[in-house]
Amino acid sequence: MDYFEPKTVSEALSLLDQHGEQAEVIAGGTDVMVDIKYKDEPGCLVNIKRIPDLNAIRESNGGVHIGPLATIHELEESDIVRERLPLLWQAAHQFASLQIRNTATIGGNICRASPSGETLAPLLVLEAEAEVTFSDGARTEPFGAFFKGPGQTSLGSRGLLTGISVPFPAAGNHAVYLKHAVRGPMDIAMVGVAVMATANADKSALDDVRVGLGAVAPTPIRAPKTEALVSGKALDAALLKEAGACSASESSPITDQRSSGEYRGWIVDALTRRGLAQCWQALTGKEVA
Amino acid sequence: MSLEITLTVNGKTHTAALEPSTALVDFLRDTLGYKGVKLCCNTGECGACTIIMDGKPVNSCVVLGADAAGADLVTVEGIADGDALHPVQQAFIDTGAVQCGYCTPGFIVSLKALLDRTKNPTAEEVEEAISGNICRCTGYTKIYEAVDLAAKQMS
Ligand SMILES: Cc1cc2nc3c(=O)[nH]c(=O)nc-3n(C[C@H](O)[C@H](O)[C@H](O)COP(=O)(O)OP(=O)(O)OC[C@H]3O[C@@H](n4cnc5c(N)ncnc54)[C@H](O)[C@@H]3O)c2cc1C
Ligand code: FES
Ligand code: FES
């Protein structure tokens with residue numbers, strides 16, 4: 001197996017051009033190392049960890065710029081993430097063990113494009129954008145367009161994710177990330193649900209409701225019908241019930257070793273209701289009546 | 001293809017060759033002889049292979065060996081001060097937190113990293129620090145007792 005440690009993004013990109021499908025990028029390695037041991041070894045490994053400045057987390061243009069090499073624990077430790085992007089912070093905090101969080105990067109989580117990737121539904125809800133770079137130039141693209149299927153992104157085999165831009169959510173919002181897994185954070189999510197909302201001026205209704213679902217479709221998804229159903233309304237028990245069912249109907253979960261599709265649907269329903277009720281309570285100070 | 005890397009383990013500098021696909025755990029055990037680093041699940045789930053890399057606990061089975069070039073590592077062999085055990089090691093003996101012992105080096109390393117970060121960890125911090133370490137013998141109760149004892153002795 002060939003091995004490279006490029007020192008710049010352009011050096012990494014020319015290696016990917018040169019080696020095509022043979023090449024595999026490695027960042028933290030928590031997914032790639034397991035693949036090397038138990039699946040096929042790639043023809044060549046391009047280790048991007050020695051490229052400087054790709055792990056920055058800083059305020060930029062009304063939001064937060066996150067370098068793809070920032071580790072999950074660096075997100076968790078970052079003041080700006082905790083204070084301004086609590087949804088992403090909650091996902092980082094429920095991500096595996098401390099040992100894994102110290103090694104795994106957010107870029108690796110995104111580029112792995114597993115529908116259950118912990119940071120993905122939060123990034124969709126936060127309407128974050130990916131900076132994708134090829135040898136002939138860079139572009140930004142919303143994460144809604146970036147994920148193409150399980151393990152598939154618009155990077156193909158020749159692109160690098162070089163940055164993540166997350167706009168600050170509206171002032172006064174409340175957000176919740178709920179993960180359902182057998183061993184708590186240690187396990188891959190059976191279902192992950194991200195909910196974010198604001199309240200209207202007199203706190204009588206929810207506004208700008210956003211719901212993101214992980215592990216229940218070929219890519220992480222938003223639940224637009226559920227969002228439209230609840231936005232602009234006061235949340236009562238009947239609406240909550242309708243919203244849970246609507247969210248479940250927007251998912252298309254598969255059955256695998258972690259859970260049956262039917263069970264995943266029930267969990268989407270329950271966690272959507274729980275997330276919305278928590279937002280309603282935090283934003284209006286009232287219980288769902 | 002083989003690479004040569006230089007790294008520090010428990011204060012000692014080593015330079016050695018490795019295949020680029022080698023996991024750090026295999027390099028530490030088989031090339032450098034640090035057999036205190038245990039290999040168990042080999043997929044990052046159990047914590048037996050935990051080491052401290054540049055101040056942070058990581059699972060050496062899912063870290064690329066080549067990433068240790070220039071790094072400062074601590075394994076369980078480097079935790080005692082000569083013949084004097086680290087308080088967390090002594091506490092494991094005193095509370096009976098060791099049964100088969102296979103998980104013990106990983107727990108000791110995770111808990112040393114915790115006690116380096118915080119002198120008086122809360123129950124929640126202890127739980128978080130060892131959430132990635134599995135013990136199939138003790139039922140954990142005595143491990144929690146050992147951390148309490150070590151923290152008391154260190155403060
Ligand atoms: C024990 C264990 C528990 C885990 N628990 C969780 C969990 O709770 N939640 C969760 O979401 N995941 C979990 N994972 C999966 C994994 O840790 C994450 O997906 C992690 O974020 C991957 O990041 P990495 O830096 O280690 O990626 P790597 O393994 O280095 O790479 C992952 C993929 O991304 C590509 N890649 C990485 N960076 C880039 C880039 N900048 N540009 C282009 N391609 C890139 C690589 O080629 C590879 O295909 C777990 C893994 C293990 C071993
Ligand atoms: S052997 Fe590394 S975590 Fe189990
Ligand atoms: S003492 Fe046997 S696994 Fe922990």
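Start by selecting A:Ala170, A:Asn173, A:Met196, A:Ala197, A:Thr198, A:Asp208 and A:Arg210, the residues that line the largest cavity of this predicted model. On a 1 Å grid over the protein atoms alone, a cavity is a set of points where a 1.4 Å probe fits but cannot get out, and lining residues have an atom within 4 Å of a point. The space in the largest cavity comes to about 30 Å³, a volume being the space filled by probe spheres set on the points, which are joined across faces, edges and corners. Colour strand E12 (191-199) and strand E13 (206-214) of chain A, the elements that give two or more residues to this lining; E12(A) has the largest share, three residues. Helices (H or I, at least four residues) and strands (E, at least two) are DSSP runs, numbered from the N terminus.

Local features need pLDDT of at least 70 and side-chain atom pairs 80 or more, while totals for chains, interfaces and linings use all residues; side-chain values use heavy atoms, without hydrogens and water.

Next, colour chain A by domain: domain 1 (2-167) and domain 2 (174-284), with bounds from an automatic or database assignment. Their centres, taken over C-alpha atoms, are 25 Å apart. Across the boundary, 21 residues of domain 1 are in contact (heavy atoms within 4.5 Å) with 23 residues of domain 2.

Now move to chain B and show its open five-stranded sheet, in the order E2-E1-E5-E3-E4 with mixed pairing; two strands pair if DSSP finds at least two bridges between them. Strand E2 (12-18) and E4 of chain B are the edges, each pairing on one side only. Zoom in on strand E3 (residues 50-53) of chain B, which is antiparallel to E4(B) over four bridges. There, B:Met53 stands opposite B:Lys56 of E4(B).

Last stop: the second largest pocket, about 890 Å³ in volume. A pocket is an open set of points with protein on both sides within 12 Å along at least five of seven lines. Of its 33 lining residues, select the closest to the centre: A:Arg101, B:Glu124, B:Glu127, B:Glu128 and B:Ser131. H4(B) gives the most to this lining, with four residues.

Technical notes:
Residues numbered from 1 in each chain as written. Chains lettered and ligands numbered in written order.
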